[in-house]
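Thanks for coming. Please look at the sequence and the model on the screen, and I will talk through a few parts of it.

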Amino acid sequence: MARTPSTGPPVRLPDASPVRLPDAPPVRLPDAPALVAGVRGAAWLSPDGEIETLALDHAARRLGAGPPPLVCHARATARRLRTDPFPACDLLELFAFVRPARFCLPTPRGLAEAVGVALPGTLENEAESLIAAARLLLGELAAMAGRPEGARALGVAWAMARGGWPWGTAVVSALAGSGDSQAPHSRAMAEGLKVWRRLPDWEEGGAEGAPENRPVEPDEARARLARLLGPGAEERPEQAEYAAQVCAAFLPRERRDEPRIVLAEAGTGVGKTLGYIAPASVWAEKNQGAVWISTFTRNLQRQLDSELDRLYPDADEKAAKVVVRKGRENYFCLLNFAEAVARIPGRGGTEAVALGLMARWALASRDGDMVGGDFPAWLADLLGRGLTVDLTDSRGECIYSACDHYRKCFIERSIRRARRARIVVANHALVMVQAARGGDGGSLPTRYVIDEGHHVFDAADGTYSAHLTGMEAAELRRWIVGAEDGARSRARGLRLRIEGLVDNDDAGTEALHEALKAGRALPGPGWRQRLAGGTPVGPAEAFLALVRQQVYARVRGADSPYSLETGTRPPVDGLLDAAAGLEAALARLGRPLAALCRALSALLDVEADALETTERRRIEAMCKSLERWRIPQIEGWRDMLRALDGDEAEEPAEGDAGDGFVDWFGVERAGGDDRDVGLHRHWVDPTRPFAKAVIEPAHGVLVTSATLRDGTGDADADWAAAIRRTGAHHLPSTAVCAAVPSPFDYAGQTRVLVVTDVDRTDDAQVAAAYRELFLAAGGGALGLFTAIRRLRRVFDGIAGPLDEAGLKLMAQHVDAMDTGTLIDIFRAEDDACLLGTDAVRDGIDVPGRSLRLIVFERVPWPRPDILHRARKRAFGGRAYDEMLTRLRLKQAYGRLVRRASDRGVFVLLDRALPTRLTGAFPDGVEVRRIGLAQAVRETRAFLAEGEP
């Protein structure tokens, strides 16, 4: 059926529908149409089987005239229709209810594939597939009727139905079966949401002894690798060589604070993941210890989790020996969820819909990980963050053993599992934070594998920076004082956290009183409005108001919608006095917090015979929070304020070794409005604290990546830069450097084209170039941008023509989906196109035909902000800029070929690419400078050669 944006007469579907309807128990479907919106038109399938192809505005006008339509991803549909969000029976919500914690791409095709109906090929087929998927999913619920799992689901469904869920009637009817479908009492409905009562308690294991120190021999690593690959696997000598070389990281160290450190670059296709899993798993087994594998992107964490199935094919054994650890803010918090459930009014409320789906997910989740785990990211897009991902453990809000749900806590369960695991998969930030704070209730690991090592510098930069801003200071105030002015907040405040612990201790009670009083010097509710209006209250707001004044006075383009920054020197009148006043106020806050910590610690001794276990844990948790987080945070802020009137705040001079800090003032903006304002501090060389906290105490560290080295052509200089970027130069021991080249024939499998006749400053020309190149490739194209504004303008310019050609176009910052979901959809489709920024460049892994063209709109030079200028002076001037740019080009190009059979074209729409940057591309790959028309022809011809 042709797809045209018309409003012609409806067509009744023939009996031989292209969608295979599954066998299922009789179910009651909503008497509603199915709607699918494309870029230029929409398909409307009526309940009696008549289908129409409508213009988008016509489809939008129909929405309020009848029952809520069946759609797949209501927010994305509304955006396509260019209308406000509308009530809908969203198939994704139904899928999340019926199959919680299960993967599904949030598109009609992805849904069809997930539930097992025929894959649609047109908009009209997609509308039909929604009906088929609904029947199948409701049939699965009907099959649960009368069984325990059906009864549990029915309790949740009743609560959601009472909250106005469009699927409520159909779901309740399916689950009730022939039984009583009368609505239960509201208290019984609430019981359905109380999932904490059905979760098991975690168990405290015995203490793990220190691991032994037996080395891993190269032959052992090769043998383990062969076992992981299995019989009949393709021989990959590069992978075996890599596994053997990285064994040096698993040798016993000779001296304290001198770990065995190996920097290993493995070209794409070597198979480094299994290459290091092999020796790491041998070491863990031989020495009865844990190896922590650290990554930067969630995509690699998922890949690692999958690859570890080879090591532990038995699911129970894997669950015991492999743990994916993340920061507390990634995990579902049962206390936050319980409080949200308690706020649902007795008559029901719309919140019950989101909380019902969260309840279903929490009971099915493997580990409660809401960021990259089994929580579907598109659910937050549909339901909003407030009752989904914002239910994670907010920073500093955990009350540990004082929580009613402590023994069922996902976070605590993960921590305890990690103490007994053999392989722990974590991210760089967690590894760095945990090392800096001395561990998470256990000893620090002795062996690390740090994958995506090219991101170590950036990860350390984020971890070891400090920010005295309105948002940070207001958050500290909430942590101390608690919710104020009747605000509906989960902030509990110090008083509730230590309730009952210091009531009989005069020193502790006085310290608590003083801390609560001193905490009110920090920004209170409404601080943004007061700063914008020039009416600050208290020393913190007074300082921030002058910071804001200085930023707006000194920057060019103060009316820009983007964030602003300026140096700290010279200060505007009154700023140094305000800084001194805030520093004194912070000192008045730090003293009682320290005194409170001492008083609580003393209780562990004085009342050792009377304290219950839960009380001891509360005290220990509070002391840990104060000693490792809050008090150091306050002292760090005081140092930053004092430096404003001293030499410490000076930017480093040319050739500085990078041992110091860079300070500046900034105003963070969003949508043209001030979001935050404050003083920022970063290390010039953040690998210094990283090396001290993480590498130095370890016994062995492997840092690996496909792009550790720069491409200057000077091997010694490239390794020296890699050593510096990873912090290895701060250690007394010498790093072992190893490189295993890619087995791919890049010269034969890829083309690199630099287009010389497109004006990169002309958005129309850039959009035309993207359009023609994407059409020439027939999809499978990734467009990379250095600015969100240009990305959006190009999207607007090419979406229509690509849709007419049958090519789906998606874009970060345009589509109502998170970046990970967009990449998942792109990976699953052969001929889709995706536009994105650096988050897509660094996180995408798409083998096969789904990615055969990359177009970069300009050379990705680093942004010359205050921090970058300081590092440029310290790390070599122009050579530093060029190193960063080559590494970005190298990373982008490296996305193109992931398998030996892949072919692809890399196009740069920037004639100003210096020849010295072409070292980013592999040896033998010719960089050709040609016009756009020729680039289009060569792209089409080269990719056609690779077609079967």
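This is a predicted model: local features need pLDDT of at least 70, side-chain atom pairs count only at pLDDT 80 or more; totals for chains, interfaces and linings use all residues.

Start with helix H30, residues 763–777. The helix has 15 residues and spans 21 Å from its first C-alpha to its last, close to the 21 Å expected at 1.5 Å a residue. Just after the helix comes Gly 778, which has a positive phi of about 70 degrees.

Which residues of H30 are buried? They are Asp 763, Val 766, Ala 767, Ala 769, Tyr 770, Leu 773, Phe 774, Ala 776 and Ala 777.

Asp 763 is on that list, and it is a charged residue. Its relative accessibility is 17%, so it falls under the 20% cut-off for buried. Asp 763 also has a partner: its side chain meets that of Arg 789 in a salt bridge, 3.1 Å from N to O. Arg 789 sits in helix H31, residues 788–804, and the two residues are 26 apart, so the bridge links distant parts of the chain. Arg 789 itself is partly exposed, at 32%.

That brings us to salt bridges in general. How many does a search of the whole structure find? The count is 64.

One of them joins Arg 416 and Glu 204, with the closest N and O atoms 3.2 Å apart. Arg 416 is in helix H17, and Glu 204 is in the loop between helices H8 and H9, so this pair ties together parts that are 212 residues apart in sequence. Arg 416 counts as buried at 6% relative accessibility, while Glu 204 counts as partly exposed at 41%. Both belong to a network of salt bridges that also includes Arg 328, Asp 393, Glu 412, Arg 419 and Arg 617.

Another bridge is between Arg 260 and Glu 254, again with 3.2 Å between the closest N and O atoms. Here Arg 260 is partly exposed, at 26%, and Glu 254 is exposed, at 62%.

Last, the second largest pocket. It holds about 1,100 Å³ of space and is lined by 41 residues. Nearest its centre are Arg 236, Gly 269, Gly 271, Gln 303 and Arg 898. Which helix gives the most to this lining? That is H12, with 6 residues. By class, the lining has 12 nonpolar, 15 polar and 14 charged residues.

How values were computed:
Residues are numbered from 1 along each chain as its sequence is written. Side-chain values use heavy atoms; hydrogens and water are left out. On a 1 Å grid over the protein atoms alone, a cavity is a set of points where a 1.4 Å probe fits but cannot get out, and a pocket is an open set with protein on both sides within 12 Å along at least five of seven lines; lining residues have an atom within 4 Å of a point. Grid points are joined across faces, edges and corners, and a volume is the space filled by probe spheres set on the points. Helices (H or I, at least four residues) and strands (E, at least two) are DSSP runs, numbered from the N terminus. The expected span of a helix is 1.5 Å times one less than its number of residues. Buried means under 20% relative accessible area, exposed over 50%, partly exposed in between (1.4 Å probe, protein chains only). A salt bridge is a side-chain nitrogen of Lys or Arg within 4 Å of a carboxyl oxygen of Asp or Glu.
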